[in-house]
Amino acid sequence: MIIDRAELTSLLTETLDLVDAPPGCGAVLEGSIAEGFGNSASDVDFLLLADDDHDHPTMPTIVFVRGRRVEVRTRSLRQVRAQADAVCAHVAAGFGALPAALLDRCQRLRGAVVLRGEDVVRRAREWPLSLPEVVAGWYAHHSRQAMRHAVASHVLGEEHEALAWAGIAARHAAKSWVAARGETYLEPKWLDQQFDRLAAGGDAEAIRLRERLAGLRGGQAGDAESARPPDEPVRPYDGGWAGTGLGEAESAQPLDEHAALVADFGVDGCAADPEQVLLGLRAGVTTWPIGDRLHVVRDRADVFVLDAPAGRAWRSIAPGRPVGEVLRRAPGPAASALAEFHRIGLVELLWRDGGPIASAQPWAPAEPVTPPPSTRMPVLGLAGAAADGHVALVPLPAKRFAAAGMAQVWSHIMIENAREDLSGALDGGQREVARTSGLRLLHHACRALLSACGMSPLPPDAAIVARLGALTAVPAELTAQAAAVERELAGDEWELWAERLDKLVAGVRDLVRAEVFPASFDSAAAWEATLRIGHDWIRLGAYLDADFPIEEARDLLTSGGAQPHRRGGG
Amino acid sequence: MSGLRVLVTGAAGLVGAEVTARLANEGHTVLALVHTRPEIVRNDGRVVRTVPIGRSGPGLVSCVAGDVTKPMLGLATERYEDLATGLDRIVHAAATTDFGRRWETYESLNVDGTRNVVRLAAERAVPLVHVSTAYVCGERTGRVLEDELDVGQRFGTGYERSKFLAEQEVRAAAVPAVVVRPSMIVGTQESGVIRDFKNMYVVLKLFTQGRVRSVPGYYDALLDLVPVDYVAALICQVVNRFDEARGRTFHAVGAAPHTLLDVSNALAEYPMFEVPHYVSPSAFDAGALPPDERVYYRRIIAMYESFFRRRARFDDTNAARLAPWRPAATGVDYLRTLLDHCVRVGYLGRPEPGIGDVLRLAGRPR
């Protein structure tokens, strides 16, 4: 140890003068110094063990003694037994869900140096399991997962990521190997010192394996990437290690070497065999086309919009089939799209007979990555969200996205309806009818604009023109135009109303990319096209239980546009 | 109870085969009447071992080729006597469950066939378990009770009408009888396994392939799906506890009906599936469909379309009292189990070449 026992005892005595310690508690030094590692910057970690049933806080008390930072934790015997029981339960169920922090607490106690209260400490350490077996099994689990991830990344043409995961797999495998030989301290950074100790004890295998690990570490970062000419794109796996885009020798070799070392460290179930990587569906992920554009909803909360190539890749997903086989059938950029789908938790990758390939590692969060939301404005048009790259996150919660989309469709339908009424009133010389129709048209144009910007629910008609000015996404010219139209509709120059409103609608549709919106009442085919998009939005809205713009909209869209009081259903 | 001598008609069918195998496993002597299919295959694909009728006995199945549409089940007198003598129960499961058949076919198989089986039961005073359908309720809306039959309902298909008439034959006869009415029979509760992909499975195929993109229906229409293993278990229970069941009707239905919204939401969980729109029936115009879709619609979907607007809820008080277990799987979770099986075995998620293949799956002549 870098601090001798006498010094430690003095440190403990002085520390206990500064904190409230339970009477009769045991005391140990745990962590890197106790394990025989550490340096001048290492904290001194004392654990006090109280012979009681209390729930002592997890947070340590931090004091400074003799220029050293000292962390003091207190736990009751009940707490440490509960932790040990929890580890046992996790081990019985496999290692997948055993948290690093929990195992770490159990290991630190068992690797600690006893300073006070040997009997309490002995009772605190009672445990039916073998610590080397548990730590070795736990690291083997994570190594296996990382190596599988490396193989999966390679299949998807993500070579840089593949080698990074392979490196993690090799280091975890090494930690598993040293743990099985008694070096159970979890902290990864002391791996070299752990090998040193085994080597010093005469373990020749430890020296050989450490050299192989160091060799991989030295060679891995540049090899695969530097072998690829800068102008040559990474191509996905297409049926073997050959043809990965890197050339057979360059691509497969580093991964094979990592896999071989992992196996030699005693971790099985992760051979570098691409056919082991299968595609799987992820719970809570659903697909919703709107027009020709695919939207994928994750956990009823997030909406991702796919561009056309990503959409084709999405449609090519065949659950339970090898990823390589799916890619061989899928169009060009499917591999990078699938890799992104996996990263953001839209699909699972499975190891044949081995369950999901976990993306997370011991000290990292398990949730899938969520990319930053798209900054495109307007947020949505009639045909759904604005596609922004392969896979873009819509910057609205899913339910609000569906509600805004339905409001958008409904507003455009009502624009057409009001325009027809306006024409009729103008033809008939009915000024007040025209004024009312014009106002209705103006309000629906504003609603189309605001819903396209993601506003939902929408403000009442009385305030809607004024609200345009508060949104930076709405060009000032359109805001001014809408305000001017509102003023004109209050006046008497009614011969100008239709022209001004048409210009405003054209501006709105130009902005929301709805310029091709069919004039709903002009032809049966155009009306059908309008309703089909409406049905797409309704299907999504029904899934998310989103708000319909008004009940009449629901009736119109779900009735296929039937007009109940008109003969012949037309 | 064990040691009964039971005749099962339609023993090669989906329900008949499963009931045959289960009764034999329980120690009964099973005489399995089959029409054209000589093999009895269980729902999970296992072939049931059979012995000649002369060697029949407890725990064994003997296969007899016959025809329920004919007097004496199409058997020679001697064979008919062999079959009819000493019977303790008859389970009448023979029927065509295909949609879109000519009425004459339904009348012959489902109505006349039942009449012939009822006659056998009456002649020999054998208790009869008649397998009907919950959809004898036709297009009724709301709660449907087990003891209701004729309430002036309208029928959506010839199949339903024929099963309604068959139940009337059973009720009119002077035989001790029980009626079991399954709803739409689908895969097992736990694994979704189903031997035959018929009826609604064909519709699912057309939906998921995008060959039919809109159908006249409502998101809140109700489909009652019942696991095949529950139906078979309930029928066997009725055979074993006939005295308690006698004179009653049992709805063999799912734990809760599924809405079409459930179906839409479940299909959306599969990236490779298309999901249909439901359009109000009052406004739906098959003539406005694209030509390819119109063909599929007219030749297949039209047979099932009344199911997309129904809102019947089947009361199953009698079944709840007698059944050995009750279905528990509901909603999207159960649909996922059924769809996962379809994908696993390659029934869904793989395109069929054309209308001919789909018609073949639907059991319809071209």
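**Briefing: chain contact, domains and a helix pair**

The C-alpha centres of domain 1 of chain B and domain 2 of chain B lie 29 Å apart, with domain bounds coming from an automatic or database domain assignment. This is a predicted model, in which local features need pLDDT of at least 70, side-chain atom pairs count only at pLDDT 80 or more, and totals for chains, interfaces and linings use all residues. Residues are numbered from 1 along each chain as its sequence is written, and chains are lettered from A and ligands numbered from 1 in the order in which they are written.

**Domains of chain B**

- Domain 1 of chain B covers 5–187 + 226–252, and domain 2 of chain B covers 200–223 + 257–312 + 329–362.
- Their contact takes 13 residues from domain 1 of chain B and ten residues from domain 2 of chain B (two residues are in contact if their C-beta atoms, placed from the backbone, lie within 7 Å).
- On the side of domain 1 of chain B that touches domain 2 of chain B, strand 6 (142–144) and strand 8 (184–186) of chain B each supply at least two residues (strands are DSSP runs of E, at least two residues, and helices runs of H or I, at least four, numbered from the N terminus).

**Contact between the chains**

- Chain B gives 20 residues to the contact and chain A gives 22 residues.
- Helix 8 of chain B provides three residues, the largest share of the side of chain B that touches chain A.

**Helix pair in chain A**

- The axes of helix 13 (residues 398–427) and helix 14 (residues 431–452) of chain A come within 8 Å and cross at roughly 160° (axes are lines fitted to C-alpha atoms, for helices over the stretch in contact, and angles run from 0 to 180 degrees between N-to-C directions).
- Helix 13 of chain A is therefore roughly antiparallel to helix 14 of chain A (angles over 145 degrees count as such).

Note on methods. Angles under 35 degrees count as roughly parallel, over 145 as roughly antiparallel, 65 to 115 as roughly perpendicular and the rest as oblique.
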